[in-house]
Amino acid sequence: MLSSVFFYYLCKEDMKRMRGQAMFSLSFLYWMLSVSPYDGPLYDSSAFSECKQYPENPLYGGGILKDKLPEFQLFTREDGITVNLPIFKLQDITPGTIYSFSTWIKIKNADSAVITASVGDKDSDELCVGTVDAKAGCWSFLKGGFVASSLNISSIYLKNSDEQDLEIEIASASLQPFTEQQWLLNQQTKINMARKRAVTIHISNKQGVRLENASLTVEQVSKDFLLGSAIAYTFIGNTPYQDWFLERFNAAVFEDEIKWYTTEPKQGQLNYTLADELLEFVRRNQITVRGHNIFWEDPKYTPVWVQNLTDSELKSAVNSRIQSLMSKYKDEFVHWDVNNELLHFNFYEQRLGPNATLEFYRTVHQQDPLATLFLNEFNVVETCDSTSTVDKYIAKIRELKEDGMSMNGIGLEGHFGAPNPPRIRATRDKLATLGLPIWLTEVDISDTFSKETQGIYLEQVLREGFSHAAVDGIMLWSAIRRNKCYRMCLTDPDLNNLPTGNVVDKLLKEWDTGVLKGQTDDHGSYSFYGFLGEYKLTASYGGKVVDAAFSLSPSHETKHFSVQL
């Protein structure tokens, strides 16, 4: 249970700023909570990425699966073989309700296997709830979820993605429903706890006497959370596009301009002109910029001349590539995506051996030690891909770090179709067990949807990202190239907002403290709850005026700031 007082404290300022929006507004929920207690479920962020000797207790006490054991039903695989699969039969599934699912799994008759939980009917379409790389002899934690839609959802069933003949054991299963309002309210509470901080400003005279009714103006001038977009060569010299970008974003990434096929299309012919011009813009405007990417394991995006090298020539070429980039751009990029899409492809590791990635990271770290080095991968949060399950990603990160690699960032590309919010959140919960910063590095929504649907889905993805405490930044993959984008634009070619651009503008305003005006109370104090970042303050009393600045960094303690007039 959370009391109305707690929620009111967290959401009061958000309620004021969001009131009157045309779309579904959380402010109505905040108003409801300010007059009545919240008795809904609290989202449990618990997750486990280690295989344990014994399963933990079920989340939410099991939810609507409390004290229920799975049944077993016969399913016919695509190869015609019949298998006996564990299944939870569901009743009273409500359309539009969000369900968080978790369970512990152990297997027999195999050392390891990818187990997929799905919802639906055995004879109809299915929706993936989540996956786990289960093992024999210990218990592995599967966490995911689904939004009840028009699917014929009559059961949750678990099957082996590799179609091996094995036995699946289940323990501590849980299915917890959330209404849309409950889900969004839990989400907003997490935003307030991770992205905001309580502040009390004290105003006094030179003798230390607190001043009542002193006037204050507080304005947030920069944000701690980094939200940005990809930019491309079309950005260079395009003042309207640059102005549009600067009004919104504090971070950038070059879409193609630093990739190997751009900087060295022919061996020995280095050309950093486009990257240099983009870098000049971000320097001039104090924009944080990511380095994407040094190597790409997909041969399709590896220069043809590189693919034709002998192994010894390739080793020399990759060392020259690193040396060239680091000698030119050391200390310029806060991140480097050192090896892109390592789970799906293996060009360099196949050619140079299994330690190739380790050597890449080791060399980059030696030459640019202050940059955070990332793995970057797709289909970890977007969908259930047996090649890039969350457990495979975690295992790869642990494997590389155990070998001494300086890899300290988790990159999730985020090329979404229709997002599954509870599975997205559950996946990040599990990744957060590593204690590393998570970035959404290439967020977009498939252009198979209408512009309006892209906007709806983008808002879901951005809210899920911003509300997760382990996520440090979000990059939109929305660079305009020849009047089009990779899959999702924010504007038309004339820089008029599309629905996706309207969503970004709405959330940027919502996630900004803005300008606050007020007066000190009878204790000479003024309190508010503000988003993390930099602030400027103007205080006046009796004809005296003083300007000051302060910052809000992450902390659960109230920030106290004193000003004398």
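**Disulfides, a helix face and backbone exceptions**

The structure holds 3 disulfides, a disulfide being a pair of cysteine sulfur atoms within 2.5 Å. The model is a predicted one, in which local features need pLDDT of at least 70 and side-chain atom pairs count only at pLDDT 80 or more, while totals for chains, interfaces and linings use all residues. Residues are numbered from 1 along each chain as its sequence is written, and side-chain values use heavy atoms, with hydrogens and water left out.

With bonded cysteines counted along the chain, the disulfides follow the pattern 1-3, 2-4, 5-6. One of them pairs Cys51 with Cys138, whose sulfur atoms lie 1.9 Å apart. This pair links distant parts of the chain, 87 residues apart: Cys51 belongs to the loop between α2 (26–35) and β1 (71–76), and Cys138 to the loop between β5 (126–135) and β6 (140–147). Helices (H or I, at least four residues) and strands (E, at least two) are DSSP runs, numbered from the N terminus. The torsion about the S-S bond of Cys51 and Cys138 is about 100°, so this disulfide is right-handed. Burial is assigned from relative accessible area: buried means under 20%, exposed over 50%, and partly exposed in between (1.4 Å probe, protein chains only). Cys51 counts as partly exposed because its relative accessibility is 27%, whereas Cys138, at 13%, is buried.

Another disulfide joins Cys128 to Cys384, with an S to S distance of 1.8 Å. Distant parts of the chain are linked here too, since Cys128 is in strand β5 and Cys384 is in the loop between β15 (372–377) and α11 (390–402), 256 residues apart. The link of Cys128 and Cys384 is left-handed, with -80° about the S-S bond. Cys128 is buried at a relative accessible area of 15%, while Cys384 is partly exposed at 26%.

Cys485 and Cys489 also form a disulfide, with their sulfur atoms 2.0 Å apart. A torsion of about 110° about the S-S bond of Cys485 and Cys489 makes this disulfide right-handed. Both Cys485 and Cys489 are buried.

Helix α6 shows how burial can be arranged around an axis. Its 12 residues (273–284) should span 16 Å at 1.5 Å a residue, and its end C-alpha atoms are 17 Å apart, which agrees; the expected span is 1.5 Å times one less than the number of residues. The buried residues of α6 are Ala275, Leu278, Leu279, Phe281 and Val282. Seen down the axis of α6, these buried residues fall within an arc of 155°, so they line one face of the helix; the arc is that of the directions from the helix axis to the C-beta atoms. An α-helix has 3.6 residues a turn, so residues three or four places apart point the same way. The elements covering the buried residues of α6 include β11 (226–231), α4 (239–246), β12 (251–254), β13 (288–296) and α8 (311–329), contact meaning heavy atoms within 4.5 Å. Just after α6, Gln286 adopts a positive phi of about 55°.

Other backbone exceptions remain. In strand β13, which contains Asn293, the peptide bond from His292 to Asn293 is cis, with omega near -15°. Asp331, although not a glycine, has a positive phi of about 75°. Asp331 lies in the loop between α8 and β14 (335–340) and is partly exposed, with a relative accessible area of 49%. Leu495, likewise a residue other than glycine, has a positive phi near 65° and is placed in the loop between β19 (471–476) and α14 (499–510).
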